[in-house]
Amino acid sequence: LMSSSSETLLATIDASGIVKSIPVSAASTTSGILLPTVTSPAGAPIPYSVAADSHFFWVSVDSGKVSGLQLADTISFLAAASDGTGVVAAFGSNLVFIDAAGLIQWKASVTGPVTGLVATDTLAISTTANSSVAIVLRSGLVSWQLNGAGSCSQLPSLADDCSIVCAQTFQGKTAIISVDAKSGLLQWQTAIAGAVQDLLVDAAGNAVYAWTDGTAVQVQATSAGGVVLWRTSFAGTGGRLGVVGQGQLAVLTYSPDSNIFIIGSSGTACP
């Protein structure tokens, strides 16, 4: 997703290296989100979903067709239903479910600005600074809600076992917690001493997360059962996580210096 001084474009590169650019909006975008194509159970591809400021677009790479609608505020998060029926968009303290035809099926309000969003094939789970809410995709009705202790504050990530791992900040204390996506029940929690900056969950349900602790970036891994597997640290005041190569964990640290480290399964770092 690219933005020039006069328009917003979706650019794709196929396996042969051919670049294709599709105009999405006649206006330049200051805040954009691109959600990759998901495939429905029947095998029919759903177009890319694009958020450009307060506009939402379905973009078909094959045909170049663009269709969209405008919401009341800048879109902060997108999450696709895993069964391919549509996309949930968050803006301000609101959620909407947009189906594959580009129609809004429902709108729901939560207790504060949305800080994170994930979706399964049946639920949309959003977080705010002090609450977590699960909304049924088919109806827009609340399935469960958690407030304060036990709720997710930010960075929700959906594991393959339908648990949600997230960061929680409550009464000045920070923890990584896991809750069951279907019921909202707390499964485990691990206290940490710092502001969480990134969180990833692998296919086995293991969580890796980074937080700052003074002048160090701490990186820790916890199993799907809540057992701490390893911990390592790097100099820096900020960090981000990523995946490279054959599924290896990468850590980007910054300030005062920027470095990328590759971490093995035991937590050993190689700069």
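**View 1. Four strands form an open sheet in the order S16-S17-S18-S19, with antiparallel pairing.** Strands here are DSSP runs of E with at least two residues, numbered from the N terminus, and two strands pair if DSSP finds at least two bridges between them. The edges of the sheet are strand S16 (154-158) and strand S19 (186-192), each of which pairs on one side only. From one strand to the next, the twist averages 20°, where axes are lines fitted to C-alpha atoms and angles run from 0 to 180 degrees between N-to-C directions. The model is predicted: local features need pLDDT of at least 70 and side-chain atom pairs count only at pLDDT 80 or more, while totals for chains, interfaces and linings use all residues. Residues are numbered from 1 along each chain as its sequence is written, and side-chain values use heavy atoms, with hydrogens and water left out.

**View 2. Strands S16 and S17 (residues 163-170) run antiparallel and are joined by 3 bridges.** Leu 158 stands opposite Ile 164 in S17.

**View 3. Strand S20 (residues 195-201) and S21 run antiparallel, joined by 6 bridges.** Asp 198 has Ala 210 in S21 as its bridge partner. The two strands, S20 and S21, form a hairpin with 5 residues between them, and Gly 205 in the turn has a positive phi of about 90°.

**View 4. Strand S21 is joined to strand S22 (residues 216-222) by 7 bridges, and the two run antiparallel.** Ala 210 stands opposite Val 219 in S22. This hairpin has 2 residues between the strands, and Gly 214 takes a positive phi near 70°. Strand S21 (residues 207-213) is mostly covered, with 6 of its 7 residues buried (under 20% relative accessible area, 1.4 Å probe, protein chains only).

Terms used:
Buried < 20%, exposed > 50% of the residue type's maximum accessible area, 1.4 Å probe, protein only.
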